[in-house]
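Visitor: I am new to this structure and would like to talk it through. Could you show it to me, please?

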Amino acid sequence: MTESANSEPVRAPTQPMTVPDGWQPHIVALVCNWCSYAGADMAGTTRIEYPATVRLVRFPCTGRMNPLAILKAFEHGADGVLVSGCHPGDCHYVQGNLVARRRFTLFRSLMDFIGLDLRRLHFAWVSASEGHKWARVVREVSESVHAVGPLPDWDDQPDAEPIRLSELDPDPVSEPSATTSEVLDRIRVTAANLLKSGEVELFIGYRAGLRPGILAPTMVTSSDQVGSLEFGEGAVHNLAAYLADAGDREGRVGMVAKRCDVAAVEGLIREGQIRREDVRLVGVPCGGVVENGEIPAKCATCSGEPDPVCDVVITAPGARGADAVADSEDPRDRQVAFLESLPAADRWRYWQTQFRRCLRCYACRASCPLCYCSSCISEQHRPQWIPTAIDEKGNTAWNVIRALHLAGRCTGCDQCSTACPADIRLDLLNRKMALEVESQFGGGLSPGERAALTEFRMDDAEDFIL
Amino acid sequence: METTWRLGDAELRSWLDGLVERGSAVIAPVQQEPGLTLFAEIAASDEAVLEPSGKSRWSPKEFLFPRSEALYQYTMDGSAVQVTDPPEPERDQVLVGVRPCDAAGLARLDDSFLSRRVDPFYRRRRERTTVVALACGGAEPECFCTAVGGSPVGTDGADLQLVRLEDGWLLRALSDRGQTLLGDDAASWSPAEPGAEEAVAEIGRRVADEMACSPVLSEWSELLERGFDQARWDELAWSCMECSACAYVCPSCSCFDMNQQGTAWGGEQVRSWDGCTFELFTRHASGHNPRQNRGHRFRQRVLHKFAFRDEDQDDFRCVGCGRCISVCPGGMNILEVVRNAVAAAEGGRDGAAR
């Protein structure tokens, strides 16, 4: 429930959680109507005994299962959640459970990453005839949840040293390569030509910002305005975020595109938000951007060379080049690995410290080129999947679902974490999801390829499923 | 009675520690992560970041107007419904190290929540709150308080004022509440030497020169309203991404949304921050939205800060902290928008950024 800013801070018990005598867990089981629900029924009619710890919620299909339903169960105090449906190949709707399996894989790995003890979260395939299996699954799940104990209060704030990743912060590149005035001149000339020839109606670029080195997005509509365009290391914005709206316009749109921006434009095209022929991309060499005096991690592995898919490619010095980054690795991978090496409770603490700061301003959503839904899940009120209260539960639900909705689609431009006024490491969540998608399903971001969560294979791994 | 003292660092710290010991919630800027300072309750004075310049990422308004708060809670047992009020605040709170812009922002919040219909939830926190302002010894690039009638050494909304001098601190009591907070400690402090006031004014002039802002004129309010229907708003708001980072970091934004959240057995009525740049903010149940596009929505934000006000009010709602500029993911600069909107309403050309 809500926490008023001046209420007493809740002190968590310093000793490890102990399981009270005689305590029985509350487990919410989200089951598919056609298999597991009938399987539970079968267990009952055949008089099989199993622990009375589960409360069943019947869904049409595991494919309908929204991760937010699982989060909702935890928000309302469930100690554990079990999701169960038809075996692969048996789905009443042919493939719902296969789509669900991928979603569970990523959801489970994300929940693990933010510190949920996985002994609380289980998945199973139980068919309508498997009354015995249902009883066994419930027994196993009950024992597993019992071993972890009651779900701690969400607003517990243990008195422990904060976990800092800053020691792992690398300095990927000491200095950005300077953008030459040649690049800027050619951006202006190209924009003027595109506008003058009627090739584009609108050109999106950067203009001078609050202070030297800081740039802001701008649009120009006539060739005599191109003198206001600027470019340099302050070009942190991904201008592709403005393209989805531009799709409503009649004419074509031109855009200055760094390498990371092009990836997002391709995402928009792949997902049918804009048409390739409606944009004119002006690819520019980029020597790395600078945010708050530092080069962000995303630039560490980027050559900065203009992407050849652009309609106009400005070849000029300025990019670091493929050779310079050939041996670089994404510095966040070490941070992800470090967090994964910690006990789940520490990860929970690390992320809750950050989620607690979340103001729910949705700057992450607004700045993301691929968050284009006209009505966001956070704005849905019937049912209200994401609590509107700006507190631990609502903030966790929002940050989890944002990362999950971008899983397999995120192009790694880091606009969300740049935009976040609370400095939540959204880029780390995105990176974790990208690594997971890569290792579980491979690829998924090439043109013409479908995103990982809209695809499935019969032989997708399912070693975590009971 | 003495109202201005000269304190050493140790004296200031020991006074703050004394407040903590006596059971007040002492809330001060605390470094959360490298580069991120926020107001939080401190357990000891050395946690407080009291620097000559720099500000917390967002204002301390959440300690008077929390991001979310339950207005009432209820439980249902069959047909029996029991409604309970949220608990009264149990402790006094002292906001320490509040920048003059933020203190002025609290005065704007008082105007929203206390001047007409009194909001009891805000009032009971406000009544137990003392504000210790911290004068600015330097300006950040986004600062523009002097453009909207503020001052780097302003005292609007403050009960006490701290000024960092080259050697030690100047502490000024500005209200009875502030005087009360000093308690017995003040007896052992040395009074400020004559000329201290002039030293403070000099700091104010120096920092104002650093900012070098030309003023937003009072008569612009009318011009902005006159330009309400001009088509330029779409263009002025073009890069707005329609989040509400600006409203949530703002010291004076006070809009909120109400929601019921609960189960079959009980729940609560929750009031949470909301922002006028969200499409959902004004969408009617019918689906109609009187503020149809981002131009309309950003216009509301600008006009609410700089135009809409009662006839007897002199102050803008904007206090010039500039946070909305530094956090904006779309690179919007409200001061620039105001100048451009006024220029457009006057039929002139674009205004400058400062």
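Guide: Let us begin with one pair of side chains. Asp330(A) and Arg431(A) form a salt bridge, with their closest N and O atoms 3.7 Å apart. A salt bridge here is a side-chain nitrogen of Lys or Arg within 4 Å of a carboxyl oxygen of Asp or Glu.

Visitor: Which parts does that pair tie together?

Guide: Asp330(A) sits in the loop between strand 10 (312–313) and helix 8 (332–341) of chain A, and Arg431(A) in helix 13 (residues 426–440) of chain A, so the pair ties together parts 101 residues apart in sequence. Helices (H or I, at least four residues) and strands (E, at least two) are DSSP runs, numbered from the N terminus.

Visitor: Before we go on, what sort of model is this?

Guide: This is a predicted model, in which local features need pLDDT of at least 70 and side-chain atom pairs count only at pLDDT 80 or more, while totals for chains, interfaces and linings use all residues. Residues are numbered from 1 along each chain as its sequence is written, chains are lettered from A and ligands numbered from 1 in the order in which they are written, and side-chain values use heavy atoms, with hydrogens and water left out.

Visitor: Back to the pair: is Asp330(A) buried or exposed?

Guide: Asp330(A) is buried, at 6% relative accessible area, whereas Arg431(A) is partly exposed at 22%. Buried means under 20% relative accessible area, exposed over 50%, and partly exposed in between (1.4 Å probe, protein chains only).

Visitor: How many salt bridges are there over all chains?

Guide: The whole structure has 53. One of them joins Arg164(B) and Asp9(B), at 3.8 Å from N to O. Arg164(B) belongs to strand 8 (residues 160–164) of chain B and Asp9(B) to helix 1 (residues 9–21) of chain B, so this pair ties together parts 155 residues apart in sequence.

Visitor: And what about the contact between the chains; how many residues does it take from each?

Guide: Chain A gives 47 residues and chain B gives 53, where contact means heavy atoms within 4.5 Å. The two chains bury about 4,000 Å² between them, 57% of it on carbon and sulfur atoms. Buried area is the accessible area (1.4 Å probe) that two parts lose on being put together, summed over both.

Visitor: How many salt bridges lie between chain A and chain B?

Guide: The count is 3. Arg357(A) and Glu33(B) meet through their side chains in a salt bridge, at 3.3 Å from N to O.
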